[in-house]
Amino acid sequence: MTTTKDAGSLVDTDWLATHLDAADLVILDASWYLPDSGRDPLTEHHAGHIPGAVFYDVDAHSDTRSDLPHMLPSPRRFQASLLMLGIEPEDLVVVYDGSGTNLSAPRVWWTFKVMGFERVAVLDGGLQKWRAEGRPLDTGFESPRPARDSFVPTAPSSRMRGLEEVRCLVQSRDEQIVDARSLGRFSAEEPEPRAGLRGGHIPHSRHLHYRSIHAEDGTLLPPAQLRNLFAGAGLDLGRPIVATCGSGMSACALLLALDRLGVEDTSLYDGSWAEYGATEDPVEQGRPAPTESREPGSEA
């Protein structure tokens, strides 16, 4: 069997197809959808997944003690998840989802990275592109292989922001906040999919819908186009950027795009609007300035 070399943060379907038999490759189907989507990721995985892919339950591998959705797990819980999934320190993990626009796979990529696991990549275009190209699918469930060695996570780094830090940023504006939700949710013209949350956005936030950074086939746009989109949203790539969304899911697609652009000073507001929207902190409503993104849609 072959082994892999470092593949960076993104791999294409051709690359994955030629490395399916690599001994150090672990493929994770991390599909996840909002409760009102009518989609069941586990059922869909059973009906058809990339050969060898193991189902990764985003919520089950998160901090189940938190009242907020899929918050970052503790290092110990993350380590236990890797053992359960048969992932060893030297493996290359490739993550995909079935959304067509890499909704949840980047969240898993970010989780691995923030825990110090470097050899992790997202499949560009995900399952939708794989299917469109007529590539093989397996049905049923894959049993993870036994892990012989345990990865030791690092403590979550400065790549994460909490509510108190965001409150400080609203006042200081030392870091830029970019919101990946739909324009309707950002502006409070659409209701939030989670009960009890106000509409609007964190004061001084910029807006860049996560779907706008993808081409029609679900792949990430070329670097020049990504730079134009971030600039059009009023973001300075030379300054720190904090990404947020509905629950810390789709914001990670923006972080993946920034990673592809070589932007390192980025972080995620993990609680995102699920947390901030339930507080009594100030919010802003209304559409962004003309230079900012105006893409439709709904996401986590």
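First, the ground rules. Residues are numbered from 1 along each chain as its sequence is written, and side-chain values use heavy atoms, with hydrogens and water left out. Since this is a predicted model, local features need pLDDT of at least 70 and side-chain atom pairs count only at pLDDT 80 or more, while totals for chains, interfaces and linings use all residues.

I start with the sheet. Helices (H or I, at least four residues) and strands (E, at least two) are DSSP runs, numbered from the N terminus. Two strands pair if DSSP finds at least two bridges between them. In general, strands of a sheet pair through backbone hydrogen bonds, either parallel or antiparallel. Here, five strands make an open sheet with parallel pairing, and the order across it is E1-E5-E4-E2-E3. E1, residues 10-11, and E3, residues 54-55, are at the edges with a single partner strand each, so one side of each has no neighbour in the sheet.

Now the pairings inside it. E2 runs parallel to E4, and five bridges join them; Val26 stands opposite Val93 in E4. On E3, E2 has two bridges, again parallel, and there Leu28 has Val54 as its bridge partner. E4, residues 92-96, is joined to E5, residues 120-123, by three bridges. One of the facing pairs is Val94 with its bridge partner Ala121 in E5.

How much of E2 is buried? Five of its five residues are, where buried means under 20% relative accessible area, exposed means over 50%, and partly exposed is in between, using a 1.4 Å probe and protein chains only. Leu25, Ile27 and Asp29 point one way from the strand, and Val26 and Leu28 point the other way.

What lies across these strands? Helix H4, residues 105-114, lies across E2, E4 and E5, and runs at about 175 degrees to E5. For that angle, axes are lines fitted to C-alpha atoms, for helices over the stretch in contact, and angles run from 0 to 180 degrees between N-to-C directions. Contact itself means heavy atoms within 4.5 Å. Ten of the ten residues of H4 are buried, among them Trp109, Trp110 and Phe112, but also Arg107 and Lys113. After the helix comes Gly116, with a positive phi near 95 degrees.

Next, charges. Side chains of opposite charge can pair when their charged atoms come close. The count here is 17 salt bridges, a salt bridge being a side-chain nitrogen of Lys or Arg within 4 Å of a carboxyl oxygen of Asp or Glu.

Asp179 and Arg181 meet at 2.8 Å, N to O, and both residues are buried.

Arg287 and Glu189 meet at 3.2 Å, N to O. Arg287 lies in the segment after helix H10 (272-276) and Glu189 in the loop between helix H7 (183-187) and strand E8 (206-207), so this pair ties together parts that are 98 residues apart in sequence. Arg287 has 48% relative accessibility and counts as partly exposed, and Glu189 is also partly exposed at 48%. Elsewhere, salt bridges with shared partners join Asp14, Lys129, Glu133 and Arg135 into one network. Within that group, Glu133 and Arg135 meet at 2.7 Å, N to O. Glu133 is partly exposed, at 33% relative accessibility.

Two single residues now. Glu88 sits in the loop between helix H3 (75-85) and E4. Is Glu88 buried or exposed? Its relative accessibility is 9%, so it counts as buried. Setting aside neighbours within four places in sequence, its contacts include Phe117, Arg145 and Asp149.

His45 is in helix H2, residues 41-47, and is buried, with a relative accessible area of 1%.

Last, the largest pocket. A pocket is found on a 1 Å grid over the protein atoms alone, as an open set of points where a 1.4 Å probe fits, with protein on both sides within 12 Å along at least five of seven lines; lining residues have an atom within 4 Å of a point. The largest one has a volume of about 240 Å³, the volume being the space filled by probe spheres set on the points, which are joined across faces, edges and corners. It is lined by 16 residues, with Leu25, Val26, Gly52, Val54 and Arg145 nearest its centre. E2 gives the largest share of that lining, three residues.
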